[in-house]
Amino acid sequence: MKEHAEPITCVAKPARVGFYARFLDWIGRQIFQMGVLVGFLALCVFFTLTSPYFLSFDNMMNVARQISMIGIIAVGMTFVIIAAGIDLSVGSVVGLAGCITAGLLRDGIPMPVAILTGLSFGLISGIANGFLVTKGGLPPFIATLASMSVWRGLALTYTQGYAIFGLPKGFGFIGRSYMGPVPTPVVIMFVVFAIGYYVLNHTAFGRYVYAVGGNIQAAKLSGVHVDRTLLAVYGLSGFFSGLSGIILASRLMSGQGAAGTGYELDAIASCALGGISLMGGEGNLVGTIIGAFIIGVLANGMTLLNVSSFYQMMVKGLVIMLAVFVDLKLKARREKK
Amino acid sequence: MDVHSPIKNEYVLEMRDICKAFPGVQALDKVSLRVRRGEVHALVGENGAGKSTLMKILAGAHPCDAGEILIDGKPVEISDPITAQRLGISMIYQEFNLVPSLSVAENIFLGRLPAAWGWAHLNRNALFASARELLDRLHLSVDPGEKVKYLSVAKKQMVEIAKALSLQAKIIVMDEPTSALTLAETETLFEMICHLKDQGVAVIFITHRLEEVFAIADRVTVLRDGHYIATRDICEIDQPTIVSMMVGRELTTLFPKVETKIGDTVLEVRNVNKEGALRNINLKVRKGEIVGLAGLVGAGRTDLAKVIFGIDSADSGEILIDGLPRPIRSPWQAIECGLGLVPEDRKEQALFLARPVRDNISMAVIRLLSWLGFAIRHRQEDDLVARYIRQLNIRTPSAMQLVRNLSGGNQQKTVIARWLAATPKVLIMDEPTRGIDVGAKAEIHALMGKLAQEGVGILMISSELPEILGVSDRIVVMHEGRITREFDRSEATQELIMQAATGREECGEGQ
């Protein structure tokens, strides 16, 4: 018989949570975000070289305003996807929330009431999704696919296919005004980003979102209220979609039943570009922001270059494929290390 | 050790000096295994001895670091599972590799359905006839048309074996095949193994139940802590010898028992019943006491832990904390009552692998560390996390290291740290040292002793008898959902516990 071998233990460093170690760790994490960031900058350089107007301040603000609606939705979507879910109903909620608000305004309801009603609808629609997923046990994909259809149908029924016009002039403030040189929707988007970033990284709720998405069973056994967390996550997504719908209605100065069609795909694409794993439990909001900007810059740059919108769709699809592929390879490499 | 045989090809399989290291553990150190044609070869050892790793190398699931494998005397390179299959090696795992929604016949021939069958016109008759022939060879009464999801565990196992035979397997590895079987089903399985033997198939049989080794095996190889210990003919060895080879160490040195002052009852389980799992369970855990819950896999120990912690509900009975009945219907309520649970499978049930050590440790208390239960007070959290990393000697470069990069022992310590942070009155630990190296094991045992000294009551489920004997103040043994016996630390022995766990003797308080 042989003697026992000494068990080989891994490198024993004293566990220090000093500032320096944390800083190094933070840098390390940022670098993995760099893959997307580098792609984004490359895209910007390319368009700058091909179109002199691209880099101008006006155009940059234009890009930011174009993506503001998608960006706001993508924040909610990031929460949902990190919690290992998906929300396909966001585009329809944008449409219906806009129509509800526009309809109330046309009928002379005071603006704050109309806006709050639109926001409340968004929140409630999200919580309804949450109920279908938690209490109903429906897969998130199916639950939100169904509500996507219901809300869109309701929006089109409500408007009978016609746009709702005749909104009070003041309503345009949300979508059309500027705060200093920056369009108001862009300001709202950055406020939403900031709130989302704070909640995800610095609150107990944020931790629970990662926990539920990463390992739902372990979350339950650690005393996390899994159902409540999921209700809140879908609620957030619905609320931000409602907000986005009101901004869109204000920009268009009308309520349109078909508004926001396809937004869910752009929001999901922003998350995917930003390295949010669709398996849940991983990713960060910074990635989503960059992802949303890539989509915006791509559309804007190609329009400046007179690329037909049909080609634009193809290019967008190919870019998403490539970006996610590279991201996966980078991650696999990091795991081997 | 066994004698080198001059006869060529006497062995269908030879594994020589196999080495394998995982981060933090030397899982196998020059382990050898020789299996003769048509024999049943038992592979025994404690948890973490390296049995499963050795078999995974054979099956091509892991590459080995050093050593060679010979099949029929010829050296082979097993780089992936398909190569292993082609060489005539079949594995039957505890979790089956069957497609539940397909029929028995389709499962047997999965991946090898002739081209014409793959299309719309699936020639069911021919497929079923081939399957029937195969099943008959094994004297099996399974309908080839039956969907696999409707079969019992035992029948599923039979289907796996039939599949292995259809692949012309020369060597079939069975990993704990009887752990989920009833006695009658085990008999059937043993009959089938005899048929396999008659057909010249070698069976490698991994088990924890030594009685089975004597019932079925021709030879036995013992591993311990990643080392090869011995191979013996079954007729020249007895059970106590195997046990001493498996354990091979002085219990007292590995589990230094700390004397504690035992106080009032803190957790009491009263007349708990659960259909098909638990029958009339009565159990007490006192302050500062470590109660060891012993029994075979499937005896209902984990079911009991789940009921206490509110994961499953009992049909009847009650749970009392500090003498007060508490209706616990979910884990968060259990935590509020002062319970903690270190679950059986840390990766599946406890860890957030993609999150840092920090988040994993603070998860159960993060709300308490937050302002208004919302905004995390980072300073407090960091202090708490640093304290437990130090106290448990968790080896990690920083609190922000992802848990998936830690070794098994340090992962387990992270889970324990989570519960220490929650300062429970009673900590339930389900197999707290499964699959971790000896050093980390000793640290965890020392920690349990310290917790008990601080007045925490511990209910420890363990399948390792030396651990049960070394750590517990009191030992409760379960068999088929009932408590069959209770021992004081001083009166328990491996033999007595084994007897109570196999249901051979029933007396004591459990009725």
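**The second largest cavity**

Analyst: The second largest cavity has a volume of about 40 Å³. This is a predicted model. Searching the whole structure turns up two cavities of 30 Å³ or more.

Start with the lining of the second largest cavity. Val94(A), Gly95(A) and Gly98(A) belong to it. So do Gly245(A), Leu248(A), Ala249(A) and Leu252(A). Ser254(A), Gly255(A), Gln256(A) and Ala259(A) complete the list.

Now the helices. In chain A, helix H3 (90-106) and helix H10 (226-252) each give at least two residues to this lining. H10(A) provides the largest share, four residues. By class, the lining of the second largest cavity has five nonpolar residues, six polar and no charged.

How far can chain A be trusted? Its mean pLDDT is 88. Of its residues, 89% reach 70 or more. One stretch needs care: over residues 1-16 of chain A, pLDDT stays under 50. The model still has 32 contacts for residues 1-16 of chain A beyond four places in sequence. Where pLDDT is low, predicted coordinates should not be read in detail.

Chain B has a mean pLDDT of 85, and 91% of its residues score at least 70. Residues 1-7 of chain B fall below 50, with 12 contacts in the model beyond near neighbours in sequence. Residues 506-511 of chain B also stay under 50, and the model gives them nine contacts beyond four places in sequence.

For a helix pair, turn to chain B. Helix H6 (residues 153-166) and helix H7 (residues 183-198) of chain B have axes that come within 11 Å and cross at roughly 10°. Angles under 35 degrees count as roughly parallel. H6(B) and H7(B) are therefore roughly parallel to each other. From H6(B), the contact uses Ala154(B), Gln157(B), Met158(B), Ile161(B) and Leu165(B). H7(B) brings Glu185(B), Thr188(B), Leu189(B), Met192(B) and Leu196(B). The contact of H6(B) with H7(B) counts seven nonpolar, two polar and one charged residues.

Conventions. Residues numbered from 1 in each chain as written. Chains lettered and ligands numbered in written order. Predicted model: local features only at pLDDT ≥ 70, side-chain atom pairs only at ≥ 80, totals over all residues. Heavy atoms only, no water. Axes fitted to C-alpha atoms, helices over the stretch in contact; angles between N-to-C directions. Parallel < 35°, antiparallel > 145°, perpendicular 65-115°, else oblique. Contact = heavy atoms within 4.5 Å. Nonpolar A, V, L, I, M, F, W, Y, C, P; charged D, E, K, R; others polar. 1 Å grid on protein atoms, 1.4 Å probe; cavity = no way out; pocket = protein on both sides within 12 Å on 5 of 7 lines; lining within 4 Å. Points joined across faces, edges and corners; volume = space filled by probe spheres on them. pLDDT = per-residue confidence, 0-100.
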